[in-house]
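User: Got a model open here. Can you walk me through some local features?

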Amino acid sequence: MENEFRDRQPEQEAPAQSAGAPASASSGAATIELPSDALALIPVRNLVLFPGLVAPIAVGREGSVRAAQNAARTNRQVGVILQRSPDVEEPQGSDLHEFGTVANILRYVTTPDGAHHVICQGVQRFRIIELLEGFPFLVARVQRFEDPEITTSEIEARLIQLKTKSQEVLQLLPQAPAELSASIQNMTSTPVLSDFIAGLMEIKPQEKQEVLETVDVIARADKVLALLAHQIEVLRISRDIDQQTKARFEDRQREVMLREQLKTIQQELGEVDGNSAELAELSERITKAQMPEEAEKQARKELKRLERIPEASTEYSMIRTYLDWLIELPWSVSTEDRIDIAEARRILDEDHYGLEKIKRRILEYLAVRKLNPNGKSPVLCFAGPPGVGKTSLGQSIAKATGRKFVRLSLGGVHDEAEIRGHRRTYIGALPGNVIQALHKAGANNCVMMLDEVDKLGASVQGDPAAALLEVLDPEQNNTFRDNYLGVPFDLSRVLFIATANVLDSIPGPLRDRMEVISLPGYTEEEKAQIARRYLVPRQLEANGLRAEQCEITDAAIREVINGYTREAGVRNLEREIGSAFRHAAMSIAEGTAEHVRIDVADLHTVLGPRRYESEIAMRTGLPGVATGLAWTPVGGDILFIEASRTPGSGKLILTGQLGEVMRESAQAALTLLKARAASLNIDASLFERNDIHVHVPAGAIPKDGPSAGVAMFIALSSLMTDTPVPPDRAMTGEISLRGLVLPVGGIKEKVLAALRAGIKTVMLPARNRKDVDDIPEDSRKQLQFIFLETVEDALRAVATTEAKGEALVE
């Protein structure tokens, strides 16, 4: 530090340097007198000055400059004291340590750039008793400590130990000055030697401060001895490492020299191949790749084979390609996680509207990664209909964590080798898609999205879903072995995110390895917000338009949602908005308009006639018609159950492409109705003299599942009692022969479909009450819910236009 100070040239010293006054002392500044037991304090950030030692101090704060100048003018001592935190710009009493060092100012120097420096010599320890007010710099009343001149056998023993340990340190240090060793040997005072050694050691300022605050001579010497012992151990380990490195380097140098000699001999014999430089480059790249031991051993083995194979050989190119793959994989390359929960929440809210449960789960994952960076990453699976933002959520996670993002499409993959790679015995063999994606990402902790994992298909080439079992298992994927590489690769740091439309086609063991997060369809309000925030700006840019050239009203957006699209996501909604903007772009490009405003009245011209009418128009109050709710892979939908009777022999006719389970539901509903014929005042002979026909419209679409049981029972009872069902209510639920209404799935999707169709009242199984909480609050407020325990509750609910039974009105 002192040498660094002396190298600063040129120095500009005050004319009155011999008197100890700074250059500014002659400027007429007033001299401030301090009490006899007080000291002007100079706080320092990272320096601990010990008694007897000399050190330069850069004085930058205005108060410290005044304190140093005043001390230089009055030939008084100053107190050099360490700050508790070096980041504090204006330290006060609580920001300073209690102990410091009384120091004499030997020189005061001002450099040409205006910086102030003082060279101080430590004199003795002091402890702050109290800070004094009313001075333009820090002043404290202090208690000074003189080291005792007593000598005991314990103190002398520590003096000998200090000299011995310090000599060991000097022997381990390279190029230690001989004068320093002589100075230590000539010292006869234990406290002075303790301070001298502590001041020279390269230890943390906090450790030096602890030595400074130790007034007792024996305790101080013991602390310095402990620091010396630790320093000796560190230096010994460093020396051993240096010797081992040097030995390895010498071995490598010997190998390089032998290879050069071999190359010279080959040149003399005319046996030099043109690929020597290439092989040397490969060897260097293998070293730089920092592979695991097993992979590097395999690479070196293949490199030796390559050296013995002619360059024109087919096997040469195969081995060379294999080595290139091994070398270029990110074995030790990773991106640093920059996890800021508040920033991640902002990114998720900026990129996606709604999806609060999903966002919360993602933020929980990021919080766990921040607290436990080395923990195993869970495998998330986003399941939901198309167009709800599953893939873009993965991109947002990558952006929030600062990781690389790669997408792996699994739709239509039916070959196990697409996941695990081909063996190198095949011509044109390549690693699997997982390793290829890692190679593309260039980092071993990327975010890898496995898109459409439910579209995998098994074939004679194997089952790729089974190959994914190892990839997606955090307990196994740290040793994932690709068939092409033949060596294990650690996938445990990769964050895998899978997407699927339906979970039924995913094998159970694979689904068990993933944490499924459902993304249901959007409500009308959510679609409108998404369109306004994201889709409209994106389509304006895509069609070369500016906001001042074209606009679409909120009413027009809602009309597009209700009349031109019928989906759970927003993909078709974006297409229709794009169609409207293209129509506007044509008018602007032709010069017939400078500003186009698209309103509801313009949609018929721009997009054509309305494609979807309200389902209420299709419902009538005729007996035998009930409205059910259905779940589909693209969201919920309403389902009409129509029943009629004709003279016959009591047969049950089912049409509408009903699956086996749905046919059984119709038979169970008819049996249940016959059992309750008396209580419903139905003539039992009607069942024997008539054929009952149950039809579900949209006959070209296959339908299956038990959730239409309640709707079928209500339709049949309405038919047989000649009582119409109110057209503004829809129902779902499975029935049993005992008349119980059993729970079903897909409640949120079904309820949102009912809301889109203009339904006012939804009848649900009582055991599905908990699923109502998943429905957005604004949607719940528009509906009345009736919860059914038995079919009698359903009959009472449709008996009149007034809602009966247990109802929950949000």
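User: How many bridges join strand β24 to β25, and do they run parallel or antiparallel?
Analyst: Five bridges join β24 (residues 761-765) to β25, and the two run parallel. Strands are DSSP E runs of at least two residues, helices H or I runs of at least four, numbered from the N terminus. Strands pair if DSSP finds at least two bridges between them. This is a predicted model: local features need pLDDT of at least 70, side-chain atom pairs count only at pLDDT 80 or more, and totals for chains, interfaces and linings use all residues. Residues are numbered from 1 along each chain as its sequence is written, and side-chain values use heavy atoms, leaving out hydrogens and water.

User: Which residue is the bridge partner of Thr-761 in β25?
Analyst: Gln-784.

User: How many residues of β25 are buried?
Analyst: Four of the five in β25 (residues 784-788). Buried means under 20% relative accessible area, exposed over 50%, partly exposed in between (1.4 Å probe, protein chains only).

User: New topic. Is Lys-359 buried or exposed?
Analyst: Lys-359 is buried, at 4% relative accessible area. This lysine lies in helix α12 (residues 356-371).

User: What does the Lys-359 side chain reach?
Analyst: The backbone oxygen of His-352, at 2.6 Å. A polar contact is a pair of N or O atoms within 3.5 Å; within protein, one must be able to donate a hydrogen and the other to accept it, and residues adjacent in sequence count only if both atoms are side-chain atoms.

User: Which ring does Arg-769 lie over?
Analyst: The face of Phe-787, at 4.5 Å from the ring centre. The cut-offs are NZ of Lys or CZ of Arg within 6 Å of the ring centre and within 35 degrees of the ring normal.
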